[in-house]
Structures are given as structure tokens and as C-alpha cells.
Amino acid sequence: MFDLYYWTTPNGHKITIFLEEAGLAYNIKPVNIGKGEQFKAEFLTVSPNNRIPALVDHAPTGGGKPIAVFESGAILLYLAEKTGQFLSRDLRGRTEAIQWLFWQMGNLGPMAGQNNHFSNYAADKIPYAMDRYRNEVNRLYGVLNRRLADRAFVAGDYSIADMAIYPWIVPHERQGQKIDDFPQVKRWLETIQARPAVMRAYEKAKAVNPSQGGIRTSEERAILFGQTAASVDRAAAQAR
Ligand SMILES: N[C@@H](CCC(=O)N[C@@H](CS)C(=O)NCC(=O)O)C(=O)O
């Protein structure tokens, strides 16, 4: 029913977690972002921002043409609404979960991404940038830790908010964070890690990308870093 355009990164894991949790059938279409497959014409029609993940639902509720969705938060919401799972129907519960979903999308994801870039990938080690993003991620871990102090999951029952946040906490060491400084986050992390569906989602990642390596070669760096409107136009035209 679903095609999932996917690579083995935190934003990709969010969606395999949902699909595994809900027991939905899906077909993975790997998009190797280190090889530039995010610029292929087929992919750009479903994901105009040339980023994974993207989802195509071939059997939308109510029928009609397939629906394509990009942006991991929008995909999680789409799936939650379609299946009636992992998002409270109660106004207050739903509003809380959506707030924390957007907190991940607008804060933890982008800041952890920049943190990873400046600390692990950038050839120039710029202390100001490294400190700025590591500290901001540290602040966000603190926000999450406080949120989890009196509840099992971030917003009521286990929800799409937890699914969005979890893959960005898994690489805490790479983010320069000490998980023991955040005991509530650690407890929550371990609880989610032990869920069979989450294990299956990460197993899927190993099957799709056995090396699980980060960005290693100069070709990969050239594709991923320094993209501008012009380079994206060029790459997209070449891929056609
Ligand atoms: N806000 C987007 C971010 C997606 C994103 O940054 N995806 C990365 C992998 S985690 C990607 O596709 N990178 C390809 C590139 O940088 O060219 C979402 O949550 O879906």
C-alpha cells in the first residue's frame, strides 16, 4: 500500500518505526543520499525538497489518486490520522503530542543536524559553531528531561511525538551529550529501544545499508554539503 522513500538516517527511522509499530505493509525505495539519489527525477516528484523521507500512499482513505507526502513530521501525522493510531483523539492529548512533534521538527532535528555537521563533518573545525550547536542540543536534552520527569512518554501514551524524537536521541554520543546527565531521557530511551517494532525498524536499516557508515568519501561530501539552488537544479537536470 505504501512506498517509503528512505535512507538509514534519523528522519528515515521515524517512519519505519511507525510502519512497524502499526504493522502496515510497505515497500522501501532506498534513496542513497551519499550517492545523490535524492536528485533523481522520480524522487523529486514526491519530495521537492530533495530530502528523505517521503511516502506514497497508493490506497488513500476515500479512494482516488495516490497521495505523496514529504517532511517526516507531516508523514507521521498523515499515518496517525489514516490509521487512528499513536495520536490521541482527545483535543488536549492531541494538541500536546503535536506540540512535541513540532518541537522535534523545529528544534531538536535541525540543531542536532547542525551540531553533527560542525562537530563531525566540517573540515574546518570552528569552535564557535561547534559550541553553539552542542550547547543548544544540550539545552534541548534538558527540556526533554524535564518534560519526562513525571510521565512515561512525552505526551500521554507512546505517540508519534516519541517516534519523532527517539531517533535523534539514539546518537547522543555523536552529539557530544552525556546521557547519564539526563536520567529521564535515558529511561525513556531504553524503554523505546526495547520495543520489538523499534528493533525491527533498526534491523531494516541494516538490511538496506549494511555498512551503516556516515559520510566518508569526498564524492559524498561534495554531494551533501554546499548545495545551493543552482547545484540542486544542475543535479536534478543531470538525473533526468
Ligand atoms: N525536515 C526534514 C528533514 C529531512 C532531511 O534532512 N533528510 C536528510 C537525511 S536525515 C536528507 O535527505 N539529506 C539529503 C541531503 O542533504 O541532500 C524531515 O524531517 O523530513
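Helices (H or I, at least four residues) and strands (E, at least two) are DSSP runs, numbered from the N terminus. The model toured here is predicted: local features need pLDDT of at least 70, side-chain atom pairs count only at pLDDT 80 or more, and totals for chains, interfaces and linings use all residues. Residues are numbered from 1 along each chain as its sequence is written, and side-chain values use heavy atoms, with hydrogens and water left out.

**First stop: a helix pair**

Two packed helices are described by the angle between their axes and the distance between the axes. Select residues 10–22, helix α1, together with residues 196–208, helix α8. Their axes are 8 Å apart, and the packing angle is about 130°. Here an axis is a line fitted to C-alpha atoms, for helices over the stretch in contact, and angles run from 0 to 180 degrees between N-to-C directions. The two helices are therefore oblique to each other; angles under 35 degrees count as roughly parallel, over 145 as roughly antiparallel, 65 to 115 as roughly perpendicular and the rest as oblique.

Next, display the side chains of the contact (heavy atoms within 4.5 Å). From α1, select His-13, Thr-16, Ile-17, Glu-20 and Glu-21.

**Second stop: Leu-224**

Move to helix α9, residues 218–224, where Leu-224 is found. Is Leu-224 buried or exposed? Leu-224 has a relative accessible area of 18% and is therefore buried; buried means under 20%, exposed over 50% and partly exposed in between, with a 1.4 Å probe and protein chains only. Leaving aside neighbours within four places in sequence, Leu-224 is in contact with Ile-33, Gly-34, Gln-38 and Ile-215. Of these, select Gln-38: Leu-224 and Gln-38 are 186 residues apart in sequence, yet 9.9 Å apart in space, C-alpha to C-alpha.

Select Ile-52 and Pro-53, which are joined by a cis peptide bond with omega of about 0°. Pro-53 belongs to the loop between α2 (41–46) and β3 (54–57).

Select Glu-71, in the loop between β4 (67–70) and α3 (72–83). The phi of Glu-71 is near 80°, a positive value in a residue other than glycine. Glu-71 counts as partly exposed, at 37% relative accessibility.

Finally, select Phe-86, in the loop between α3 and α4 (91–121). Phe-86 is not a glycine, although its phi is positive, about 65°. At 17% relative accessibility, Phe-86 counts as buried.
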